[in-house]
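These are my notebook entries on what I looked up, one topic at a time, for a reader who is new to this structure.

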Amino acid sequence: MTAVLTLDSVTRTYPARAGGPATRALDDVSFAVHEGRSVGIVGESGAGKSTLLRLLLALDHPTSGQVTYRGRPLAGADRALRRQFRRDVQIVFQDPRSSLDPRMRVGKIVAEPLRSLGVPGDRGARVAQVLEWVGLEPDVVGRYPAQFSGGQRQRIAIARALAPAPSVLVADEPVSALDVSVRGQVIELLRGLRATLGLTVVMVSHDLGVVAQVCDETLVLRDGRVVEAGPTAQLLAAPTDDYTRRLLAAVPRLPG
Ligand code: ADP
Ligand code: MG
């Protein structure tokens, strides 16, 4: 199995703020994301999930340890590797209200990564294709984000992420900002896309129920440490840690 992304003994410490202590947001975390697999990262607020995502996306660097992409360290990566990474690993943010530029038409929003990454080919055709994949009509390209519901906006954000044909989709709480009534549809969309496109998925959520519906593997973070990791089904059936049990108890309903 090819490891697409790994964290090897990663620690990330934030310096002390005004008299407070330093924060060890991640403490000796190791795991691998394998090609075609989906990994969920769960934990309560403050557990270190966003810090971990930022490190995986090379938006931040570990205090110690290393992050690798396809076997090579991201720190000090050469131009060619950084370029490949920027195209191959795409992100869907939590809130499409803030992640989509309200002044841009949908067509331009979805084409944006094609433009900025210099992806060759017919952009209009590609935009139409990814919009279809997320269940939107081709004529949405002329409209603005405000003309859509929260669920549709998240579909637009997913289409944008898929436009440059990434192999890895990273999602940060992709349904938390959405109405409960549409969460299931967006989760279903992610599941379907994952299967049909063979995507590798890394999803962060405070909700173990959401992760359970999309991810084969789950990693439980608590205070910056991995308390439990393994196949999601196994973790749900027999959580070994009290903390995981509490996260499970907080899940309103589990998928059947
Ligand atoms: P989560 O996403 O699981 O809620 P975070 O990764 O945002 O967790 O935060 C983990 C810990 O690191 C928290 O204690 C948080 O207060 C702290 N933290 C996060 N970002 C910073 C920062 N830029 N400076 C200082 N402390 C931070
Ligand atoms: Mg967070």
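Entry on terms. Before listing what surrounds the ligand, I note that a residue counts as near a molecule if one of its heavy atoms lies within 4 Å of it. I also keep in mind throughout that this is a predicted model.

Entry on the ligand shell. I looked up which residues surround ligand 1, and I found Tyr14, Arg17, Thr23, Ala25, Glu44, Ser45, Gly46, Ala47, Gly48, Lys49, Ser50 and Thr51. By kind, the residues of this shell divide into three nonpolar, six polar and three charged. Strand 2 (23-34) and helix 1 (49-56) each supply at least two residues of the shell, and helix 1 gives the most, with three residues.

Entry on polar contacts. I then looked at distances from oxygen atoms of ligand 1, and I wrote down that one lies 2.6 Å from a polar backbone atom of Gly46, while for a polar backbone atom of Ala47 the distance is 3.2 Å. For Lys49 the side chain is involved, with an N or O atom that is 2.8 Å from an oxygen atom of the ligand. On its own, ligand 1 has 560 Å² of accessible area, of which the protein covers 66%.

Entry on the sheet. I followed the pairing of strand 2 with strand 1 (residues 3-14), which is antiparallel and runs over eight bridges; in one of the bridges, Thr6 has Ala32 of strand 2 as its partner.

Entry on the largest pocket. How much volume does the largest pocket have? I noted about 520 Å³. Its lining has 20 residues, of which Leu59, Arg86, Val89, Gln90 and Ile91 are the closest to the centre of the pocket. The elements that give two or more residues to this lining are helix 2 (79-88), strand 6 (89-92), helix 4 (106-117) and helix 6 (150-162), and helix 4 gives the most, with four residues. Sorted by kind, the lining residues divide into 12 nonpolar, four polar and four charged.

Methods. Residues are numbered from 1 along each chain as its sequence is written. Chains are lettered from A and ligands numbered from 1 in the order in which they are written. This is a predicted model: local features need pLDDT of at least 70, side-chain atom pairs count only at pLDDT 80 or more; totals for chains, interfaces and linings use all residues. Side-chain values use heavy atoms; hydrogens and water are left out. On a 1 Å grid over the protein atoms alone, a cavity is a set of points where a 1.4 Å probe fits but cannot get out, and a pocket is an open set with protein on both sides within 12 Å along at least five of seven lines; lining residues have an atom within 4 Å of a point. Grid points are joined across faces, edges and corners, and a volume is the space filled by probe spheres set on the points. Ala, Val, Leu, Ile, Met, Phe, Trp, Tyr, Cys and Pro count as nonpolar, Asp, Glu, Lys and Arg as charged, and the others, Gly among them, as polar. A polar contact is a pair of N or O atoms within 3.5 Å; within protein, one must be able to donate a hydrogen and the other to accept it, and residues adjacent in sequence count only if both atoms are side-chain atoms. Accessible areas come from the Shrake-Rupley method with a 1.4 Å probe; for residues, only the protein chains shown count as cover. Two strands pair if DSSP finds at least two bridges between them.
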